[in-house]
Amino acid sequence: MKFDLQSFAEKLENQTPAQLRKGIRSLNRDLELHLKKIANPEMYCNDWNSKDERGKNGLIKHWRHEIKTFAESIQNRVEELEKRGEKP
């Protein structure tokens, strides 16, 4: 089974400036939440204390990856707005 990866890519050029800004706000909230999860995982993961080190490290790695993805998506939206002469 083949997938067209372009169909999964963000179509930022089709979004209005308001949609792009809303996306930035939403992604910033998600990014902040993941930073809080890393800082205090017990509050966000009910079984944190019963996880072994490998499980804990895997979850933190996942959260860090998500933070990176959110930051890249934010930057893409900022660049799209700037390309249009708009302010983020």
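Me: Hi! Where do I start with this one? How do the axes of helix α2 and helix α4 sit relative to each other?
Reply: The axes of helix α2 (residues 17-39) and helix α4 (residues 53-83) come within 9 Å and cross at roughly 160°. That makes α2 roughly antiparallel to α4. Please keep in mind that this is a predicted model.

Me: Good to know. Why quote both an angle and a distance?
Reply: Because two packed helices are described by the angle between their axes together with the distance between those axes.

Me: And is the crossing of α2 and α4 left-handed or right-handed?
Reply: The α2 and α4 crossing is left-handed.

Me: Can we zoom out a bit? How many helices and strands does the protein chain have?
Reply: The secondary structure comes to 4 helices and 0 strands. Read along the sequence, the pattern is α-α-α-α.

Me: What percentage of the residues count as buried?
Reply: The protein chain has 88 residues, and 25% of them count as buried.

Me: Switching to charges. How many salt bridges are found in the whole structure?
Reply: A search of the whole structure finds 6 salt bridges.

Me: Let's go through some. What does Glu-53 pair with?
Reply: The side chain of Glu-53 meets that of Lys-56 in a salt bridge, at 4.0 Å from N to O. These two residues are 3 apart in helix α4, so about one helical turn separates them.

Me: Are Glu-53 and Lys-56 buried or exposed?
Reply: One of each! Glu-53 counts as exposed at 51% relative accessibility. Lys-56 has a relative accessible area of 15%, so it is buried, the cut-off for buried being under 20%.

Me: Nice. What about Lys-68, which residue does it bridge to?
Reply: Lys-68 forms a salt bridge with Glu-72, and their closest N and O atoms are 3.7 Å apart. Both residues lie in helix α4, 4 residues apart, or about one turn of the helix.

Me: How accessible are Lys-68 and Glu-72?
Reply: Lys-68 is exposed, with a relative accessible area of 52%. Glu-72 is partly exposed, with 40%.

Me: Now the end of α4. Which residues are linked in a network with Glu-80?
Reply: Glu-80, Lys-83 and Arg-84 are linked by a network of salt bridges. Within it, the side chains of Arg-84 and Glu-80 meet at 3.0 Å, N to O.

Me: And is Glu-80 buried or exposed?
Reply: Glu-80 counts as buried, at 9% relative accessibility.

Me: New topic: Cys-45. Where is it found?
Reply: Cys-45 is in the loop between α3 and α4.

Me: Might matter for my labelling plans. Is Cys-45 buried or exposed?
Reply: Cys-45 counts as buried, because its relative accessibility is 10% and anything under 20% falls in that class.

Me: How far is Cys-45 from Lys-56?
Reply: From C-alpha to C-alpha, Cys-45 and Lys-56 are 9.8 Å apart in space, and they are 11 residues apart in sequence.

Me: Last one: which residues form a nonpolar patch on the surface?
Reply: Leu-33, Met-43 and Tyr-44 do, and together they have about 290 Å² of accessible area.

Me: Where is Met-43 found, and is it buried or exposed?
Reply: Met-43 is found in helix α3, which covers residues 41-44. Met-43 is exposed, with a relative accessible area of 58%.

Terms used. Residues are numbered from 1 along each chain as its sequence is written. This is a predicted model: local features need pLDDT of at least 70, side-chain atom pairs count only at pLDDT 80 or more; totals for chains, interfaces and linings use all residues. Side-chain values use heavy atoms; hydrogens and water are left out. Patches are made of residues with over 30% relative accessible area and no salt bridge: like charges are joined within 9 Å, nonpolar side chains (Val, Leu, Ile, Met, Phe, Trp, Tyr) within 5 Å. Accessible areas come from the Shrake-Rupley method with a 1.4 Å probe; for residues, only the protein chains shown count as cover. Buried means under 20% relative accessible area, exposed over 50%, partly exposed in between (1.4 Å probe, protein chains only). Axes are lines fitted to C-alpha atoms, for helices over the stretch in contact, and angles run from 0 to 180 degrees between N-to-C directions. Angles under 35 degrees count as roughly parallel, over 145 as roughly antiparallel, 65 to 115 as roughly perpendicular and the rest as oblique. A crossing is left-handed if the near helix is turned anticlockwise from the far one by less than a right angle, and right-handed if clockwise.
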